[in-house]
Amino acid sequence: MNYGMRCHDICPKADMDTVFDAVRDLGIHQIQLAFGKSIAGLDFSYGHYSPGLGRMVAEKLREREIHVAVLGCYINPTNPDEAKRQTEVQKFIEHLKYAKAIGADMVGTETGRYDANFRVVPETRTEECYRLLLKSMREIVAAAEKLGVIVGVEGVHDHTLYNPQIMRRFLEDVDSPNVEVILDPVNLIGEDEIESQAQVIDEAFRLYGDRITMVHVKDFTRDSEGLHFAHVGDGLFDYAPLLKHLKEQKPYITMLLENSAAERYHRDVEYLRKIYENV
């Protein structure tokens, strides 16, 4: 396994040198980088990209032996406000250029909700919402194919791609080798799936295990108000089924810790390594 972490969990938003120094000092070589959440002092909104800026970012990463496993560009590709949806699609396409410049493995996104304010709404699970996702992603994927960059798509139980079956349908419909899956098993677990979480993971690997090329890992707890994200090992998630699949099918895949912290990172990795060794 290659372990890493989201950059914005390592340190607060700051100038690029400060942030990348913090990553290096923690001994992390694989990160998920979301410019807007981590880097201050530069405008990464649509229209500001240049090859020179891309080379500058690449050089600062290379100096510190940091690799961007996922360049995060978490848009809402199913925003029903057409103008906002188009703006977000263009932002993602521009991030494909950054990814190529810095050598990122992929540009990643979740798949959105059918609400302009990103609220959880039942319309997200409709055919109309799914078709809007395809419209957005086909435009993004056409650009990715021309640039030679991978688009990473992450399913979430209350987003448009909410279970393994609809993710499989999406992969068949979009029909591109430039689309791969970021698997975050906790994000696929709603309150109805807590007891069947191992089956959810099994189903994901059965339906599209060949397309899973990046993993997010965290934990979750449950109380009277619902489910809440937690640090690795502090909740109800059973890591053994996930790590067994990865050990058998995905040697050296990158696993990025979410909802961790700089002071916990090495302990969390050791916790996962022990389970990995025993499955």
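Predicted model: local features only at pLDDT ≥ 70, side-chain atom pairs only at ≥ 80, totals over all residues.
Residues are numbered from 1 along each chain as its sequence is written, and side-chain values use heavy atoms, with hydrogens and water left out.

Helices (H or I, at least four residues) and strands (E, at least two) are DSSP runs numbered from the N terminus.

Turning to the pockets, the search runs on a 1 Å grid over the protein atoms alone, and a pocket is an open set of points where a 1.4 Å probe fits, with protein on both sides within 12 Å along at least five of seven lines, while lining residues have an atom within 4 Å of a point. Grid points are joined across faces, edges and corners, and a volume is the space filled by probe spheres set on the points.

The largest pocket holds about 370 Å³ of space, and of the 24 residues that line it, Glu 110, Asn 187, Lys 218, Phe 229 and Glu 258 are the closest to its centre. Strand β9 (residues 226-230) gives the most to this lining, with three residues, and the lining divides into eight nonpolar, eight polar and eight charged residues. Here Ala, Val, Leu, Ile, Met, Phe, Trp, Tyr, Cys and Pro count as nonpolar, Asp, Glu, Lys and Arg as charged, and the others, Gly among them, as polar.

The second largest pocket has a volume of about 240 Å³, and of its 16 lining residues the closest to the centre are Arg 125, His 157, Asp 158, Gly 190 and Glu 193. By class, this lining has seven nonpolar, four polar and five charged residues.

Now to two backbone details: most residues other than glycine have a negative phi. Glu 65, which is not a glycine, has a positive phi of about 55°; Glu 65 sits in the loop between α4 (51-63) and β3 (67-72) and counts as exposed, because its relative accessibility is 59%. Asp 175, in the loop between α7 and β6, likewise has a positive phi, near 50°, and is exposed, with a relative accessible area of 62%.

Finally, is Tyr 276 buried or exposed? Tyr 276, found in helix α10 (residues 265-278), counts as buried because its relative accessibility is 18%. Leaving aside residues up to four places away in sequence, Tyr 276 touches Met 1, Leu 243 and Lys 247.

How values were computed:
Buried < 20%, exposed > 50% of the residue type's maximum accessible area, 1.4 Å probe, protein only. Contact = heavy atoms within 4.5 Å.
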